Each structure stands twice: as structure tokens, then as C-alpha cells.
Amino acid sequence: MEKVKKRILEFLAVKQLKPEGKASILCFIGPPGTGKTSVGKSIARAMNRKFTRISLGGAKDERQIRGFERTYVGALPGVIIQELKRLEVNNPIFMIDEIDKVGADWRGDPTSALLEVLDPEQNFAFKDHYLGVPFDFSKIMFICTGNLIDPIQPALKDRMEILEFPGYTREEKLMIAKKYLVPKEIEANGLNLKQIQFENEAVNSIIKDYTREAGVRNLEREIEKCCRKVATKIAKKEIAQAIVTRDAISEFLGSRKYISTLKERISRPGISIGLAWTWTGGDILFIETEMVEAKKSELEITGNVEKIMQESARAVLTYIEANLTLLKIDQERSPIGKKIHIHVPEAAIPKDGPSAGLAILVAL
């Protein structure tokens with residue numbers, strides 16, 4: 001979060017020195033639960049301005065932004081004008097959520113309407129169809145959020161400054177849980193620190209064994225589940241207080257959801273570890289290979305591997321066959337005339353992309 005915080009401080013410093021200047025539009029991109037909306041609320045608190053947010057996930061009608069002409073029955077202004085009317089100010093912190101999930105159909109493309117809203121050179125005279133007169137949006141601080149950068153329209157992307165929110169490491173999640181999530185959930189469930197305490201090892205176990213995410217939403221849910229179980233026991237007068245330890249976690253949350261098989265997997269040859277991208281953050285990917293005698297050369301690939309990755313595997317095998325001397329592979333271990341089987345586990349998840357080539361080469 002260091003880069004993000006530095007950039008926001010620079011933004012606020014410029015705004016303080018030149019309040020009437022044109023502000024750049026910030027766009028927070030990152031996995032769910034990494035604190036994009038929370039940072040927006042913090043900016044509003046720091047600037048002593050009102051905060052509002054709208055979600056454009058699934059929006060397909062351009063008139064949601066530009067408003068409806070008053071000739072229509074039940075016509076309304078656009079969502080931005082509606083929010084300003086509700087807040088009764090013209091300079092709030094305005095967060096536009098899920099900007100990467102905006103759709104388009106025969107009714108128009110909302111992202112095209114946003115081009116004018118989010119352009120500091122144009123938005124001082126935005127024309128809402130309902131109002132019919134130019135309205136000044138330049139005093140509003142717009143912040144956009146999204147999970148992925150690719151679906152955002154290039155022209156819209158060009159108008160915004162992208163700030164990437166990375167996923168949290170286990171150590172960071174532990175500190176967030178200790179300082180913020182645990183006290184918040186203890187209070188939300190009617191408890192106090194005398195009635196329930198969480199050991200660090202217990203929180204670490206929740207992070208490692210019960211959640212697999214880039215953010216902290218599921219971690220918060222699991223902590224809440226522990227608090228609810230303790231609150232139930234205290235309400236029934238079965239216990240007066242509880243200390244949540246690593247050994248007691250399974251009583252509260254059941255058996256572990258995620259089990260690491262890293263040690264067992266890397267203890268023999270033919271297995272390598274690659275890096276995988278998922279919409280909730282990064283993950284590791286195992287590539288398992290085996291060579292068996294066969295009547296002729298054959299390559300078999302299993303697991304949900306799509307076209308580009310299959311081509312990477314074929315290219316790697318051809319490279320090895322063409323460079324046996326360079327790689328010091330003797331004739332006995334040569335893949336020529338043998339069956340090579342490449343397996344990528346977790347077959348329910350489609351896997352594609354050119355980046356697994358080196359991991360396949362290492363495994364073979």
C-alpha cells in the first residue's frame with residue numbers, strides 16, 4: 001500500500017496548495033477485499049468532505065449517467081446529479097465502483113458517457129439531459145475502482161491514473177486482523193476483550209488453513225464465526241470467557257479447507273512449480289511430468305489446459321529433442337520414442353497463457 005498512500009498524499013498536497021486546480025482522476029484496481037473503498041472513505045475524512053459511492057456493475061444504459069429527457073414519463077436525472085441532490089453539496093468525494101464491469105447494448109454504452117464525466121478538460125460543463133443546462137463537475141473528486149484493468153475501455157483508461165492495490169501477504173493480514181478486524185468483530189458480536197481473545201497462532205491458522213484470497217473479507221467472516229460461537233456459549237452460560245487458540249480453531253470452524261501439499265509434491269523429480277494468476281490474486285501451480293516406454297513418440301497433456309499452454313508444452317518437448325547434447329541427456333533418457341505425460345492438477349480451473357513454458361521445461 002506504500003505507493004498508493006504516497007500518491008494519495010501527493011494528490012492531497014497539490015489540492016491544498018491549489019484548490020481550484022484540475023484534479024487527476026484516480027482509479028484503484030485490485031482484487032476484492034483489498035481496501036479500495038476504505039481508502040476512498042479515508043480520503044473523504046481527511047479532506048472533511050462528504051463521501052458517496054455508486055456501483056456501475058452491470059449498467060448498460062447510457063442514460064443512467066446522462067439522465068432521461070423530460071419528455072419521458074418518470075424521467076430522472078443521471079445517477080451523479082441524483083447523488084449530488086441527496087448530499088446537498090457540489091464537491092463530495094465520489095466513488096464509482098466496478099468500472100470494469102460496465103456493459104453495453106442497444107441502449108448505449110455507459111463508459112462512453114463517463115468519458116465526459118471523468119475528463120478534467122470537459123467536466124466543468126457536463127450536460128445532463130434532464131437538467132438541460134451545463135453543470136460543473138470539476139469540484140467533485142472522482143475515484144473509480146475495479147478488479148481488472150483489461151475490460152476498461154482504452155479511452156476511459158487514458159483519462160484516469162491507475163493505482164494498483166496488491167493482495168496482502170500473510171504477515172500483513174495478521175496485522176490487519178489484530179489491529180482492526182478482531183476488535184471490530186468482538187464489538188459487533190456483543191463481546192469484550194475479557195470474554196474473548198485471539199492468539200496470533202490462531203489467526204495465522206485461519207489465514208493459512210481456512211481462507212485463500214488476496215483481500216481480507218473471508219478472514220473477517222471466519223473471525224466473526226468464531227465470535228458468534230463464543231457469544232452463543234456465553235449467552236447459554238456454558239462459559240464466561242474463551243481464548244481462541246490454534247488447537248481450538250477446528251472446534252469453531254470445522255476441518256481445514258486448504259491443505260498444503262507442497263512438501264510431498266517437490267520431493268521427487270519431474271515436478272516443478274509455476275506461478276498462476278487468479279482474479280483473487282496470485283497462486284502457485286504444479287506441473288507434473290512422467291516418461292514411459294511406448295511404441296512411438298507421444299505427448300499427452302491432461303488437466304484443464306487450453307491452446308496456448310498446450311503449444312508451450314509441444315515447443316518445450318521439441319526444444320529438448322533438438323538439444324539432447326547441449327542438455328547432456330543420454331540416449332537412454334531421451335524422450336524420442338517414449339510417451340511423455342504432462343499433468344497440471346486442479347482440472348476444474350482452466351489454465352492458459354505463454355508463461356508456463358519455463359516451468360514445463362524444468363519439469364521435463
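This is a predicted model: local features need pLDDT of at least 70, side-chain atom pairs count only at pLDDT 80 or more; totals for chains, interfaces and linings use all residues.
1. Residues are numbered from 1 along each chain as its sequence is written, and side-chain values use heavy atoms, with hydrogens and water left out.

2. A search of the whole structure finds 16 salt bridges. Side chains of opposite charge can pair when their charged atoms come close. Among the salt bridges is the one between E2 and K6, at 3.8 Å from N to O, and both residues belong to helix α1 (residues 2-17), four residues apart, or about one turn of the helix. Helices here are DSSP runs of H or I with at least four residues, strands are runs of E with at least two, and both are numbered from the N terminus. E2 has a relative accessibility of 60% and therefore counts as exposed.

3. A further salt bridge joins the side chains of E116 and R66, with an N to O distance of 3.1 Å. Because E116 lies in helix α5 (residues 110-117) and R66 in helix α3 (residues 63-66), the pair ties together parts that are 50 residues apart in sequence. E116 is buried at 16% relative accessibility, and R66 is buried at 14%.

4. The surroundings of E116 can be read together with those of N123. Leaving out residues up to four places away in sequence, E116 touches R66, Q122, N123, A125, F126 and K127, contact meaning heavy atoms within 4.5 Å. N123 sits in the loop between α5 and β4 (126-127) and, at 3% relative accessibility, counts as buried. With neighbours within four places in sequence set aside, the contacts of N123 include E116, V117, F135 and F142.

5. Helix α8 (residues 200-210) and helix α9 (residues 217-235) have axes that come within 10 Å and cross at roughly 125°, which means that α8 is oblique to α9. Axes are lines fitted to C-alpha atoms, for helices over the stretch in contact, with angles from 0 to 180 degrees between N-to-C directions; angles under 35 degrees count as roughly parallel, over 145 as roughly antiparallel, 65 to 115 as roughly perpendicular, and the rest as oblique. On the α8 side the contact is made by I206, I207 and Y210, which meet L219, E222, I223 and C226 in α9. The residues of this contact divide into six nonpolar, no polar and one charged.

6. Finally, I8 lies in helix α1 and is buried, with a relative accessible area of 8%. Residues up to four places away in sequence being left out, I8 touches L26, F28, V39, I43 and L163. I8 and K139 are 131 residues apart in sequence and 17 Å apart in space, C-alpha to C-alpha.

Key. Ala, Val, Leu, Ile, Met, Phe, Trp, Tyr, Cys and Pro count as nonpolar, Asp, Glu, Lys and Arg as charged, and the others, Gly among them, as polar. A salt bridge is a side-chain nitrogen of Lys or Arg within 4 Å of a carboxyl oxygen of Asp or Glu. Buried means under 20% relative accessible area, exposed over 50%, partly exposed in between (1.4 Å probe, protein chains only).
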